[in-house]
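Subject: Structure handover

Hi,

Here is the structure you were expecting. Please load it before reading on.

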Amino acid sequence: MNRDPTSLRKGSGSFLYMRDPVCLASWAVYLLNRFALKPWLGPSHHFLFGHLDDLLLVPSVLPPLLALYRILNLRDGDSPPTWQELIGYLIFWSIFFEFFGPRYLHQGVGDWSDVLSYWVGGGLSWAFWSL
């Protein structure tokens with residue numbers, strides 16, 4: 001069986017991993033925001049500077065992680081992410097980025113509105129992946 005996520009074709013429930021349209025769109029939006037919108041509009045646009053990247057966390061990062069797990073035989077099948085996978089990562093990332101990181105790594109600031117953004121982005125992504 002071919003375990004290379006880059007060679008998967010859409011159909012019969014196959015997940016395209018890094019070639020998934022939701023993943024690719026999230027990368028495109030991130031690059032547009034980072035290199036065009038933020039410099040052009042300036043820091044007065046709080047959503048672009050404070051929450052858009054957080055909203056894109058799940059669709060940008062989960063597909064490559066799942067591809068890695070598939071390559072390492074740690075994930076069975078090529079189905080879209082399950083709600084259990086999604087919830088597990090959302091809990092982990094919420095705790096790590098908003099509690100552990102600021103408190104113990106002295107990186108960032110714990111902001112629960114970021115957690116809300118992670119969960120909204122994850123929920124929207126999962127809704128598309130479940131179609």
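This is a predicted model: local features need pLDDT of at least 70, side-chain atom pairs count only at pLDDT 80 or more; totals for chains, interfaces and linings use all residues.

Asp20 first. Asp20 sits in the segment before helix 1. Is Asp20 buried or exposed? Its relative accessible area is 4%, under the 20% cut-off, so Asp20 counts as buried. Leaving aside residues up to four places away in sequence, Asp20 touches Phe15 and Trp129. At the start of helix 1, a side-chain oxygen of Asp20 comes to within 3.0 Å of the backbone nitrogen of Val22.

Next, helix 1. The helix has a kink of about 45 degrees, centred on Asn33. Asn33 is also buried, as are Val22, Cys23, Ser26 and Lys38. The buried residues of helix 1 pack against helix 2 (46-50), helix 3, helix 4 and helix 6. Gly42 follows helix 1 and has a positive phi, near 85 degrees.

Then helix 4, residues 57-71. How far apart are its end C-alpha atoms? They are 22 Å apart. At 1.5 Å a residue, its 15 residues should span 21 Å, so the two values agree. The buried residues of helix 4 include Leu57, Val58, Leu62, Leu66 and Arg70. Two prolines, Pro59 and Pro63, are buried there too. The buried residues of helix 4 pack against helix 1 (21-41), helix 3 (52-55), helix 5 (83-105) and helix 6 (112-129). Just after helix 4, Asn73 takes a positive phi of about 60 degrees.

Best wishes

Key:
Residues are numbered from 1 along each chain as its sequence is written. Side-chain values use heavy atoms; hydrogens and water are left out. Helices (H or I, at least four residues) and strands (E, at least two) are DSSP runs, numbered from the N terminus. The expected span of a helix is 1.5 Å times one less than its number of residues. Buried means under 20% relative accessible area, exposed over 50%, partly exposed in between (1.4 Å probe, protein chains only). Contact means heavy atoms within 4.5 Å. The bend at a residue is the angle between axes fitted to the seven residues ending there and the seven starting there. A polar contact is a pair of N or O atoms within 3.5 Å; within protein, one must be able to donate a hydrogen and the other to accept it, and residues adjacent in sequence count only if both atoms are side-chain atoms.
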